[in-house]
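Let's take a friendly walk through this protein model. Keep the sequence and the 3D view side by side as you read.

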Amino acid sequence: ARVVAAPGNAGMGIERAAGVAADDVKALLRLCAERRPDLVVVGPEAPLAKDAATALREAGHRVCGPSAAAARIETDKAWAREFMQRNGVRGPRFAVAADPKELDAALSSLGGGGGAAPPVLKRVGLCAGKGVAVPAT
(Lines give C-alpha, C1' and ligand atoms only; values in the text may rest on other atoms or scores of the structure.)
Protein backbone atom coordinates (compact mmCIF):
# COMPACT_ATOMS: atom_id res chain seq x y z
CA ALA A 1 0.00 0.00 0.00
CA ARG A 2 1.13 3.52 -0.74
CA VAL A 3 0.15 6.54 1.35
CA VAL A 4 0.22 10.11 0.02
CA ALA A 5 -0.41 13.08 2.30
CA ALA A 6 -1.62 16.48 1.12
CA PRO A 7 0.15 18.60 2.13
CA GLY A 8 1.81 16.41 4.76
CA ASN A 9 5.11 17.24 6.38
CA ALA A 10 8.64 15.92 6.14
CA GLY A 11 8.38 14.18 9.52
CA MET A 12 5.72 11.81 8.22
CA GLY A 13 8.20 9.73 6.22
CA ILE A 14 5.73 9.18 3.37
CA GLU A 15 5.13 10.63 -0.08
CA ARG A 16 3.76 14.15 0.11
CA ALA A 17 1.77 16.28 -2.29
CA ALA A 18 3.40 19.37 -0.82
CA GLY A 19 1.87 21.76 -3.37
CA VAL A 20 -1.67 20.83 -2.37
CA ALA A 21 -3.26 22.64 0.59
CA ALA A 22 -5.49 20.49 2.77
CA ASP A 23 -8.41 22.89 2.29
CA ASP A 24 -8.04 23.38 -1.50
CA VAL A 25 -10.89 21.15 -2.61
CA LYS A 26 -10.26 21.63 -6.35
CA ALA A 27 -6.58 20.71 -5.94
CA LEU A 28 -7.54 17.65 -3.84
CA LEU A 29 -9.95 16.57 -6.58
CA ARG A 30 -7.19 16.94 -9.21
CA LEU A 31 -4.70 15.03 -7.02
CA CYS A 32 -7.17 12.18 -6.53
CA ALA A 33 -8.02 12.10 -10.24
CA GLU A 34 -4.28 11.75 -11.01
CA ARG A 35 -3.35 9.28 -8.24
CA ARG A 36 -6.62 7.30 -8.15
CA PRO A 37 -6.39 6.31 -4.45
CA ASP A 38 -8.24 3.33 -3.02
CA LEU A 39 -9.30 5.44 -0.03
CA VAL A 40 -9.17 9.15 0.82
CA VAL A 41 -9.13 10.10 4.50
CA VAL A 42 -10.20 13.70 5.16
CA GLY A 43 -9.32 14.70 8.70
CA PRO A 44 -8.45 18.32 9.39
CA GLU A 45 -11.38 20.61 10.17
CA ALA A 46 -10.77 23.09 7.31
CA PRO A 47 -11.35 20.66 4.39
CA LEU A 48 -14.26 19.10 6.28
CA ALA A 49 -15.87 22.53 6.68
CA LYS A 50 -15.36 23.16 2.94
CA ASP A 51 -17.14 19.84 2.22
CA ALA A 52 -14.12 18.14 0.64
CA ALA A 53 -15.43 14.71 1.65
CA THR A 54 -18.69 15.22 -0.24
CA ALA A 55 -16.91 16.61 -3.33
CA LEU A 56 -14.56 13.62 -3.37
CA ARG A 57 -17.45 11.16 -2.94
CA GLU A 58 -19.37 12.84 -5.77
CA ALA A 59 -16.26 12.44 -7.95
CA GLY A 60 -16.42 8.69 -7.33
CA HIS A 61 -13.76 8.27 -4.63
CA ARG A 62 -14.11 6.13 -1.51
CA VAL A 63 -13.85 8.58 1.38
CA CYS A 64 -13.52 8.36 5.14
CA GLY A 65 -14.71 11.69 6.51
CA PRO A 66 -18.03 13.39 7.21
CA SER A 67 -19.88 15.88 5.04
CA ALA A 68 -19.70 19.55 6.02
CA ALA A 69 -23.19 19.24 7.51
CA ALA A 70 -22.13 16.32 9.73
CA ALA A 71 -18.82 17.98 10.61
CA ARG A 72 -20.63 21.12 11.77
CA ILE A 73 -20.86 19.69 15.27
CA GLU A 74 -17.08 20.03 15.38
CA THR A 75 -16.57 23.11 13.21
CA ASP A 76 -19.24 25.37 14.78
CA LYS A 77 -19.25 25.22 18.58
CA ALA A 78 -22.17 27.63 19.07
CA TRP A 79 -24.31 25.56 16.71
CA ALA A 80 -23.16 22.36 18.44
CA ARG A 81 -24.09 23.61 21.92
CA GLU A 82 -27.49 24.84 20.68
CA PHE A 83 -28.09 21.51 18.92
CA MET A 84 -27.22 19.58 22.07
CA GLN A 85 -29.44 21.79 24.23
CA ARG A 86 -32.38 21.35 21.81
CA ASN A 87 -31.93 17.59 21.91
CA GLY A 88 -31.50 17.15 25.65
CA VAL A 89 -27.80 16.35 25.61
CA ARG A 90 -26.40 17.43 28.96
CA GLY A 91 -23.50 19.82 28.96
CA PRO A 92 -22.19 22.97 30.58
CA ARG A 93 -24.15 26.20 30.58
CA PHE A 94 -23.23 28.43 27.67
CA ALA A 95 -23.96 31.79 26.14
CA VAL A 96 -23.26 33.07 22.67
CA ALA A 97 -22.03 36.61 22.07
CA ALA A 98 -22.23 37.55 18.41
CA ASP A 99 -20.43 40.83 19.01
CA PRO A 100 -17.68 41.82 21.50
CA LYS A 101 -20.12 44.40 22.95
CA GLU A 102 -22.38 41.49 24.01
CA LEU A 103 -19.62 39.64 25.86
CA ASP A 104 -20.14 41.15 29.33
CA ALA A 105 -23.87 40.36 29.25
CA ALA A 106 -23.20 36.82 28.00
CA LEU A 107 -20.66 36.18 30.78
CA SER A 108 -23.00 37.66 33.40
CA SER A 109 -25.79 35.35 32.26
CA LEU A 110 -23.63 32.37 33.23
CA GLY A 111 -23.39 33.45 36.86
CA GLY A 112 -20.22 32.22 38.47
CA GLY A 113 -18.35 33.32 41.54
CA GLY A 114 -18.35 31.43 44.82
CA GLY A 115 -15.85 28.84 43.63
CA ALA A 116 -17.54 28.23 40.28
CA ALA A 117 -15.34 27.18 37.42
CA PRO A 118 -14.17 30.09 35.26
CA PRO A 119 -15.83 30.66 31.90
CA VAL A 120 -14.24 29.28 28.77
CA LEU A 121 -14.30 31.53 25.72
CA LYS A 122 -14.37 29.92 22.27
CA ARG A 123 -13.69 32.05 19.24
CA VAL A 124 -15.97 31.70 16.22
CA GLY A 125 -14.49 29.96 13.22
CA LEU A 126 -11.92 27.29 12.56
CA CYS A 127 -9.06 27.71 15.02
CA ALA A 128 -7.21 24.37 14.68
CA GLY A 129 -7.72 23.69 18.38
CA LYS A 130 -6.29 27.04 19.44
CA GLY A 131 -9.40 29.25 19.69
CA VAL A 132 -10.07 28.83 23.42
CA ALA A 133 -9.21 31.16 26.29
CA VAL A 134 -9.84 30.83 30.02
CA PRO A 135 -9.71 34.35 31.45
CA ALA A 136 -8.34 34.91 34.95
CA THR A 137 -11.13 37.39 35.79
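## Around helix α4

Among the things covering the buried residues of α4 are α2 (45-49) and α5. Helices here are DSSP runs of H or I with at least four residues, strands are runs of E with at least two, and both are numbered from the N terminus. Buried means under 20% relative accessible area, exposed means over 50%, and partly exposed is in between (1.4 Å probe, protein chains only). Which residues of α4 are buried? In this helix, which spans residues 68-75, they are A68, A71 and T75. They sit on the same side of α4, because they cover an arc of only 60 degrees around the axis; that arc is taken from the directions from the helix axis to the C-beta atoms.

Now zoom in on A68. Skipping residues up to four places away in sequence, A68 touches L48, A49 and D51, where contact means heavy atoms within 4.5 Å. A68 and E45 are 23 residues apart along the chain, and their C-alpha atoms are separated by 9.4 Å.

## A quick word on the model

This is a predicted model, so local features need pLDDT of at least 70 and side-chain atom pairs count only at pLDDT 80 or more, while totals for chains, interfaces and linings use all residues. Residues are numbered from 1 along each chain as its sequence is written, and side-chain values use heavy atoms, with hydrogens and water left out.

## The nonpolar core

A nonpolar core is a set of buried Ala, Val, Leu, Ile, Met, Phe, Trp, Tyr and Cys residues joined through side-chain atoms within 4.5 Å. The largest one has 15 residues, and V20, V40, V42, A52, L56 and V63 have the most contacts inside it.

## A stacked pair of rings

How many aromatic pairs does a search of the whole structure find? The search turns up 1. The rings of W79 and F83 have centres 5.2 Å apart and planes at 20 degrees, so they are stacked. (Rings of Phe, Tyr and Trp, using Trp's six-membered ring, pair if their centres lie within 6.5 Å; planes under 30 degrees apart are stacked, over 60 edge-to-face, and the rest tilted.)

W79 and F83 are about one helical turn apart, because they are 4 residues apart in helix α5 (residues 77-86).
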